[in-house]
Amino acid sequence: MTIAPEITPAATTTDPESGIRITRVNGRIGAVISGVRLGGDLDPQTVTAIRDAIIAHKVVFFRGQDHLDEERHEAFGRLLGTPIAHPTVPSADGRYSLAIDSDHGARANQWHTDVTFVPAYPAFSILRAAVLPPYGGNTLWSNTAAAYAELPEPLRILADSLRAVHSNAYDYLAVRPEATSAALEQYHQVFTSTKFLTEHPVVRVHPESGERTLLLGNFVQRIADVPAQDSRLLIELFQRHIERPENTVRWQWQVGDVAIWDNRATQHYGVDDSDDHDRKLRRVTIDGDVPVGVDGRSSTLLHPSEVPAPAFGPASGASTAAAAPSAG
Ligand SMILES: [Fe+2]
């Protein structure tokens with residue numbers, strides 16, 4: 001049973017159960033949640049209200065969460081699901097908090113959905129700002145359900161029928177001609193230490209809301225069964241709708257901010273305009289399930305034969321595998 005998210009036209013609403021306030025940022029995506037101190041000890045009503053807000057608004061923002069450290073960040077994450085390690089990038093301290101640091105060459109200035117090169121890619125990402133540059137370094141998110149919904153019907157039907165191959169092994173220098181040797185080293189030695197190929201439906205049926213969302217982004221290599229040139233044009237056609245300003249929100253970070261997004265219904269983009277200033281964020285990622293397309297077909301791993309166990313902890317999808325239908 002899925003429940004389509006409802007958003008009232010009111011700018012601010014107060015959840016009667018938990019008392020938290022939800023203030024919309026833009027018309028189609030984004031809300032600020034106030035009146036809550038994040039941590040592992042939140043009551044169930046508040047957790048439900050936050051989860052519902054994430055599903056409805058796609059990305060939610062919290063100011064002033066300076067009390068969070070790695071452990072509290074992770075403890076809060078456990079209220080939304082099972083924290084998971086990145087399939088190839090080890091965390092600095094062996095916990096689930098992944099460093100997103102400007103000096104590690106981690107400049108995510110490409111529209112993407114996190115970790116779509118594996119079938120059960122994450123459901124939620126929880127990002128916390130620890131050190132910020134004096135200017136720039138904003139993050140943008142796009143609502144991929146709104147992007148699908150605004151397509152003319154013939155294009156929705158076309159998208160419904162397509163599948164796409166995603167991989168973590170893309171032509172890094174083609175998209176990062178300015179890459180430093182450290183960033184290249186990181187890319188080759190760490191990020192692609194295992195090369196994944198996964199085929200996903202281009203339109204995924206959201207497992208909680210039932211909405212249809214476009215599933216593309218930076219890790220897409222090609223549309224399955226379509227020649228390269230047509231593939232590129234099709235990807236661009238749909239990606240353009242995802243990047244339309246009306247479908248996006250842009251967040252100017254302050255230290256202590258937390259952003260949580262539904263990784264199954266969004267893409268995001270880290271703006272690389274802070275020169276060499278430090279920018280350090282911490283990400284805790286919550287496991288997701290295997291996507292299912294409009295035709296009921298699941299995503300499939302093409303390579304390797306199975307997702308290797310991460311360095312520690314469960315693989316993504318572990319907490320939902322028992323409930324999921326067998327992957328086709
Ligand atoms: Fe990302």
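Two residues are taken to be in contact if their C-beta atoms, placed from the backbone, lie within 7 Å. In this predicted model, what covers the buried residues of helix α7 in these terms includes strand β8, helices α3 (144-149) and α4 (153-161), and the strands β12 (212-214), β13 and β16 (266-270). The protein chain averages a pLDDT of 90, and 89% of the residues score at least 70. Over residues 321-328, by contrast, the pLDDT is below 50, and this stretch has 7 contacts in the model beyond near neighbours in sequence.

Helix α7 comprises 15 residues (228-242), which at 1.5 Å a residue should span 21 Å; the end C-alpha atoms of α7 are 21 Å apart, in agreement with that expectation. The buried residues of α7 are L234, I235, F238, H241 and I242. Seen down the axis of the helix, these buried residues fall within an arc of 125 degrees, so they line one face of α7. An α-helix has 3.6 residues a turn, so residues three or four places apart point the same way. On the other side of α7, the residues Q229, L233, E236 and R240 are exposed.

Strand β8, one of the elements that cover the buried residues of α7, spans residues 139-143 and contains T139. With 22 C-beta neighbours inside 10 Å, T139 counts as buried, because the threshold for burial is 20 or more. Leaving aside neighbours within four places in sequence, T139 is in contact with W251, A259, H268, Y269 and G270. T139 and V249 are separated by 110 residues in sequence, yet their C-alpha atoms are 8.4 Å apart in space.

Strand β13, also among the elements covering the buried residues of α7, belongs to an open sheet of 4 strands with the order β13-β9-β10-β18 and antiparallel pairing. Within this sheet β13 (220-223) and β18 (300-303) stand at the edges, each with a single partner strand, so one side of each is left without a neighbour in the sheet. Neighbouring strands of the sheet are turned by 30 degrees against each other on average, direction ignored. Strands of a sheet pair through backbone hydrogen bonds, either parallel or antiparallel. Strand β9 (residues 163-167) pairs with β10 in the antiparallel sense over 5 bridges, and in this pairing R163 has P201 of β10 as its bridge partner. Strand β10 (residues 197-201) is in turn joined to β18 by 3 bridges, the two strands running antiparallel.

Not counting residues up to four places away in sequence, G19 touches T14 and G35. G19 and V36, which are 17 residues apart in sequence, lie 8.8 Å apart in space, C-alpha to C-alpha.

Note on methods. Residues are numbered from 1 along each chain as its sequence is written. This is a predicted model: local features need pLDDT of at least 70, side-chain atom pairs count only at pLDDT 80 or more; totals for chains, interfaces and linings use all residues. Two strands pair if DSSP finds at least two bridges between them. Axes are lines fitted to C-alpha atoms, for helices over the stretch in contact, and angles run from 0 to 180 degrees between N-to-C directions. A residue is buried if 20 or more other C-beta atoms lie within 10 Å of its own, exposed if 12 or fewer, and partly exposed in between; C-beta atoms are placed from the backbone. pLDDT is the predictor's confidence in each residue, from 0 to 100. The expected span of a helix is 1.5 Å times one less than its number of residues. The arc is that of the directions from the helix axis to the C-beta atoms.
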